[in-house]
Amino acid sequence: MTQPPVIPEAGIVADAPRGNWVDTLAPAATRPYLRLSRADRPIGTWLLLIPCLWAIALAAASTGGFTWLDLWLVASSAVGAFLMRGAGCTWNDITDRDFDAAVARTRSRPIPSRQVTVKQALVWMVAQALVAALILFTYHPLAIALGVGSLALVAIYPFAKRFTWWPQAFLGLAFNWGALLLWAAHSGSLTLAPILLYAAGFVWTLFYDTIYAHQDKEDDALIGVRSTARLFGAHTGKWLALFLVLTVLLMAAAATLALLPLASPLPLLVALAGAWAMGAHMFWQMRRVDIDDPAACLSVFRSNRDAGLIPALFIAAAALV
């Protein structure tokens, strides 16, 4: 039987890290809105930002190194990732409020626990999106067009779990869009290299979000929510292995196309080392995760910040050598 929503102590969300800055430092009046934006759980912002960093670094490496424009792109994409992840999560919580109320891990979120109303959440969502738009409009026109186009993916994603066993695919399409957008912001065009980089991020998302979805598979089965975790079941390990291999190969292909024309092979070798190092981290995750232990799934999922930053640092180094 579904239990009524329970407001946790001080409105704390059940799956947020204990002692996070929202719960301890933010003014009390702002906390429900920051929780709607998942500011108390920054991993999602990292996962949205990291493909942007890949693209900026690889585009810079392919054109002779970083410029002052790239400094702005890194800083602005970080702020934009925070804002758009917040707007997207707010939209997700609005559309999923009934599902969230029926799942133990999510019933403490601000809307089902009645910390904010749906109307207040809508206003907060629009405010975040408008500030993000101000940043987007400083970019190249092609990047602006790509940014506007991404809104359709953001709008559709929360509904995907209702009609497909692959909602993680819709998340991958949305969360890695920054690889295309920031490449266009740097270079004013798109080539096959950023498309392959986008594809690498897409498959990586299938990897980490399948792990994440295993936390809720029992509740999801009861309320009829679909996911790759439920679809793969006991075969999850084989699918994760496939996603690992594809992520490494696609990232390596992107680096090769972008950097092979350079006079020196060193930038390409450094970038390829980053792809393989990311694959090693993903293999470590596969060895560590227990898909029947929600706490282990959450811990391994969060480690993907480090997995994604590894190639970002290697590719940045490739732009400097």
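In the predicted model, the lining of the second largest pocket draws at least two residues from each of two helices, α3 (43–62) and α16 (304–320). Of these, α16 gives the most to the lining, with four residues. The volume of this second largest pocket is about 150 Å³. Its lining consists of Leu53, Ile56, Ala57, Phe66, Val74, Leu309, Ala312, Leu313 and Ala316. Sorted by class, the lining comprises nine nonpolar residues, with no polar and no charged residues.

The largest nonpolar core has 78 residues, and Tyr139, Leu182 and Trp204 have the most contacts inside it. Helix α3 gives the most to this core, with 15 residues. Apart from this core lies another, of five residues, including Leu36, Ile94, Val116 and Ala121. Leaving out residues up to four places away in sequence, Tyr139 touches Trp72, Leu73, Ser76, Ser77, Ile144, Leu181, Leu182 and Ala185.

An unreviewed UniProt entry lists residues 43–60, 142–160, 165–185, 191–208, 239–260 and 266–284 under "transmembrane region". Two of these segments were examined in the model. Over residues 142–160 the chain is 100% helix and 0% strand, with 28 Å between the end C-alpha atoms. Over residues 165–185 the chain is 86% helix and 0% strand, and the end C-alpha atoms are 34 Å apart.

Notes
Residues numbered from 1 in each chain as written. Predicted model: local features only at pLDDT ≥ 70, side-chain atom pairs only at ≥ 80, totals over all residues. Heavy atoms only, no water. UniProt positions renumbered as here; feature names shortened; annotations may be inferred. 1 Å grid on protein atoms, 1.4 Å probe; cavity = no way out; pocket = protein on both sides within 12 Å on 5 of 7 lines; lining within 4 Å. Points joined across faces, edges and corners; volume = space filled by probe spheres on them. Nonpolar A, V, L, I, M, F, W, Y, C, P; charged D, E, K, R; others polar. Core = buried A, V, L, I, M, F, W, Y, C linked by side-chain atoms within 4.5 Å. Buried < 20%, exposed > 50% of the residue type's maximum accessible area, 1.4 Å probe, protein only. Contact = heavy atoms within 4.5 Å.
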